[in-house]
Amino acid sequence: MNTKTFAKVAMIAAIYTVVTLILAPISYGNLQVRISEALTMLPLVYSPSIWGVTLGCFLSNLIGAMTGVNPTGMIDSVVGTIATLGAAYCTWKFRDIRTGGLPLVSMAMPVIWNFFFVGAELGVLFMPENVVLGTIINGAWVALGEIISVILGYILVQALKKTNIFNK
């Protein structure tokens, strides 16, 4: 990774972290709209962004746990980060599959990964008496917020494609 790419990855991580922490009341918990997850659409146009959003997610969850704004604590630093890494990688991997000109499979990846991973995390933490039901309920709430973030992310990517910001 050259210095220019490293700097872009660091900037993506920083933006993700700052947006998550500034919007902390809606970024954490079982009903969350993590606006910073819009950046999981960046792999549609820039594959190194996979590492930027993953690092940003890890830092956001870690700092959130350390400051007490993330009610799931340190477990989210692992589970949430794995979900974001998987989602960003799959967004990149399926970027060329189009339906009606839209990368719907790629756009579905953050929704699916977070539904299962973060939904299960929240199910275990908040509904230990019925983890399966907790996963479905919490996963659905997380997925709803993720849909909002993905739509915003796709709009962001379309705007960024008009710039030279990700040209090498």
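This is a predicted model: local features need pLDDT of at least 70, side-chain atom pairs count only at pLDDT 80 or more; totals for chains, interfaces and linings use all residues.
User: Why is Ile137 called partly exposed?

Analyst: Its relative accessibility is 36%, and since buried means under 20% and exposed over 50%, with partly exposed in between, Ile137 counts as partly exposed. The residue is found in helix α6, which covers residues 131–160.

User: What makes Ile137 part of a patch on the surface, and which residues form that patch with Ile137?

Analyst: Patches are made of residues with over 30% relative accessible area and no salt bridge, and nonpolar side chains are joined within 5 Å. Ile137, at 36%, is over that 30% cut-off, and the nonpolar patch is formed by Leu31, Leu133, Ile137, Trp141 and Leu144, with about 450 Å² of accessible area together.

User: How do you know that the protein is as compact as a globular protein of its length?

Analyst: The protein has 6 helices and 0 strands, in the pattern α-α-α-α-α-α along the sequence. Its radius of gyration is 15 Å, close to the 15 Å that the globule rule gives for 168 residues, so the protein is as compact as a globular protein of that length. Along the principal axes, the C-alpha trace spans about 50 × 35 × 25 Å.

User: What share of the residues is called buried, and what share of the contacts with a separation of 6 or more joins residues 24 or more positions apart?

Analyst: With buried meaning under 20% relative accessible area, buried residues make up 46% of the 168 residues. Residues 24 or more positions apart account for 66% of the contacts with a separation of 6 or more.

Terms used
Residues are numbered from 1 along each chain as its sequence is written. Side-chain values use heavy atoms; hydrogens and water are left out. Patches are made of residues with over 30% relative accessible area and no salt bridge: like charges are joined within 9 Å, nonpolar side chains (Val, Leu, Ile, Met, Phe, Trp, Tyr) within 5 Å. Accessible areas come from the Shrake-Rupley method with a 1.4 Å probe; for residues, only the protein chains shown count as cover. A salt bridge is a side-chain nitrogen of Lys or Arg within 4 Å of a carboxyl oxygen of Asp or Glu. Helices (H or I, at least four residues) and strands (E, at least two) are DSSP runs, numbered from the N terminus. Buried means under 20% relative accessible area, exposed over 50%, partly exposed in between (1.4 Å probe, protein chains only). The radius of gyration is taken over C-alpha atoms; the globule rule is 2.2 Å times the number of residues to the power 0.38. Contact means heavy atoms within 4.5 Å.
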